Amino acid sequence: MGKNSLIGGSIWEEYSQKVQDLMNNPKNMGELTEEDAKNMGGKLVVADFGAESCGDAVRLYWIVDEATEMIKAAKFKSFGCGTAIASSDTMAELCIGKTVSEAVKITNIDVEKAMRDNPDIPAVPPQKMHCSVMAYDVIKAAAASFKGVDAASFEDEIIVCECARVSLGTIKEVIRLNNLTTVEEITNYTKAGAFCKSCVKPGGHEEKEYYLVDILRDTRAEMEHDRLLAISNAQIEGHSSVNFDDLTVVKKFQQIEAAIDENIRPMLVMDGGNLEILDIKEGDDKVTDVYIRYLGACSGCASSSTGTLFAIESVLQEKLSKNIRILPI
Amino acid sequence: MRVYLDNNATTIVDPKVFAEMVPYFCQMYGNPNSLHQFGSESHPALRAAMDQLYTGINANDEDDIVITSCATESNNWVIKSIYNDTILHGDKNHIITSEVEHPAVGASCKFLESLGVKVTYLPVNSDGVINIEDLKNAITDKTALVSIMWANNETGMLFPIEEIGAICKERGVLFHTDAVQAIGKIPVDVQKANVDFLSFSAHKFHGPKGVGGLYIRNGQALSPFFHGGEHMGGRRSGTLNVAGIVGMGKAMELAVEALDFEKNNVRRLRDKLEDALLQIPETFVVGTKEQRVPNTILISVKGIEGEAMLWDLNQNGIGASTGSACASEALESNPVMEAIGAEADLAHTALRLSLSRFTTDEEIDFAIEVIQKAVVRLRAISSTYAYAPEWHVSKL
């Protein structure tokens, strides 16, 4: 939110002049036929992507030189809004003169950048970025048709945000490395979800296989799992590489109980006393409050609130953490 | 030439309305609630405006027409105060509305659903109108409110308000109608229609933006939406929008005077435009001409995405609308097209053209010419009509 989002702007005002010109006069709009292919000495390739029911559809025609795999001509037809027409036109333009293998490397971001007036100002507003994604997808479909393979074979990683071309691996990595906790943070770090927003959560413009909300939740769960695993591994191996203060309450209880068993109880029992841990509470200031009750001879002993108490506290502080406080009840 | 065919979105302020409003900005600017002459000098005009509003919708003097900021406020007020008054601490828990309401009603109902209220969204037929039997079957003794629009903003289709009013009266259920798209287009009579609440907005009938109203039947309780003062008899707080109220009163008077003109002349131009556009192959209009307000056309032009059409029209100086697709941030298809069960392929092809009493013959002739040309250009680009060799398996 903020000033610019309060009065809804016209998205048309955010189109670059190039986009507007292409909408009005697309250069590569049209069809290529078998006869055109024969005349140019190449193979006709026709590929479709999208659907009218989704609001965007494009058909791409290529004539490809079979010996060199060079795209000699490209034309398109498009059902869609003006930016879909402009993106398709730019996509067709970028294909011409490239080999099929080179063409599949054209991304939606290349298409969008080619439509900029100023290299630093996006050619279309964020919610229109998906129009250029469709242009990218139809190239893969055409290449797949030409090579007789599946379009998915051109994709070597899972793309979550197609508008910004951010992969699942990248998103999980930034969540882990930067300890991200919100989708907005993911968007700020990667641009994923900044454009058509379909990948943010279910119910957007397009149905997706992966959503940022799910990736965040699952990655956070994995991180928590890894953290707990590290703690328990550290305990099994017996070294104290994990800080007491970072342990869960249950683990803290176990460690305090173990330290008392080893260092304190034997002395108390010799005098006919004992203690039990009633509760453990974690304060905001990292202090762990341990509530105890003296049993047997200790319960009436004068030193239970002075010398004995200081002894117990200092043993636990030394063995486990300075942030432990003992509160006898 | 600039042609405005988006009068269901908003309308030009009638210059006669504007003239009435002018003195209440720099001359009679006092707060009408003040005791001094600066305050009281606007009272005659305010009273006259209220008379114009009461006459305009045939309200009784015992009824209330509470001035609000817009119909969105009026709709929110009714729905949320019914929740506060009869659902939150009462034994009712159910609201009935339709699938094609304006978001001011639809989203308010969705919000109440999140608070645990049961909402029935009545479906519409292929003409975009509810089935009256569905309404009868939906009403239970738990139903607190029926909220059904008088005329749909996208299609212009009229709902059977008198019948709905009679049913609600018989079943003892409160009835609210959003009449935003009806006032100024067809006669609106709150007595005949048996409504308990009716929302309207000045800017849809050649009045100013930022002022609307809520009709409340005589003695009907409805807790305030705005607290803070004794304005509007304590029903709606906030300093009176004097110029706005004066303008809305005049706009109502002019709109009611122009109803015959609307029925005959606006309708003639609308039909001329519609008949010409339907000559284009593979087009259809939602609903019959008789069942619609006289100014609206929702037409589907196969193969042309709505925003692309708007772009071409705008390039030629024509302002129209599509409730669909890429034009909005959410990029969804036209919800009304989906609700009427149009083929999925056509959900993004809706174009709404809405006229007013200011639309001229020349403008319609120009619009017909421009739209015909746009269809030729955009269908030439469209993949819907694209060549494919026999061996190509279409995935479109």
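## Two interfaces of chain B

Between domain 1 of chain B and domain 2 of chain B, the salt bridge count is zero. The model is predicted, and this tour goes through two of its interfaces.

**Stop 1: the two domains.** Select residues 15-257 of chain B for domain 1, then 259-385 for domain 2; these bounds come from the domain assignment. Colour them separately. Their C-alpha centres are 28 Å apart.

Stop 2: Show the contact residues. Domain 1 of chain B puts 26 residues in contact with 22 residues of domain 2 of chain B. Together the two domains bury about 2,100 Å², and carbon and sulfur atoms account for 60% of that area.

Next, pick helix H10 of chain B, residues 242-257. With four residues, helix H10 gives the most to the side of domain 1 of chain B that touches domain 2 of chain B. Colour that side by class: eleven residues are nonpolar, ten are polar and five are charged.

**Stop 3: out to chain A.** Bring chain A into view. Here 36 residues of chain B meet 41 residues of chain A. The buried area between the chains is about 3,200 Å², with 58% from carbon and sulfur atoms.

How many salt bridges are counted between chain B and chain A? There is one. Zoom to B:Glu307 and A:Lys128, whose side chains meet in a salt bridge at 2.5 Å, N to O. Then display the polar contacts: 21 residue pairs between chain B and chain A qualify, both residues at pLDDT 80 or more.

**Stop 4: the helices facing chain A.** Select helix H12 (306-315) and helix H14 (361-381) of chain B; each supplies at least two residues of the side that touches chain A. Which helix gives the most to that side? H12(B) does, with six residues. Finish by colouring the side of chain B that touches chain A by class: 20 residues are nonpolar, ten polar and six charged.

**Last view.** Keep both interfaces on screen. The domain pair in chain B has zero salt bridges, whereas chain B and chain A have one.

Terms used: Residues are numbered from 1 along each chain as its sequence is written. Chains are lettered from A and ligands numbered from 1 in the order in which they are written. This is a predicted model: local features need pLDDT of at least 70, side-chain atom pairs count only at pLDDT 80 or more; totals for chains, interfaces and linings use all residues. Side-chain values use heavy atoms; hydrogens and water are left out. Domain bounds come from an automatic or database domain assignment. Contact means heavy atoms within 4.5 Å. Buried area is the accessible area (1.4 Å probe) that two parts lose on being put together, summed over both. A salt bridge is a side-chain nitrogen of Lys or Arg within 4 Å of a carboxyl oxygen of Asp or Glu. Ala, Val, Leu, Ile, Met, Phe, Trp, Tyr, Cys and Pro count as nonpolar, Asp, Glu, Lys and Arg as charged, and the others, Gly among them, as polar. A polar contact is a pair of N or O atoms within 3.5 Å; within protein, one must be able to donate a hydrogen and the other to accept it, and residues adjacent in sequence count only if both atoms are side-chain atoms.
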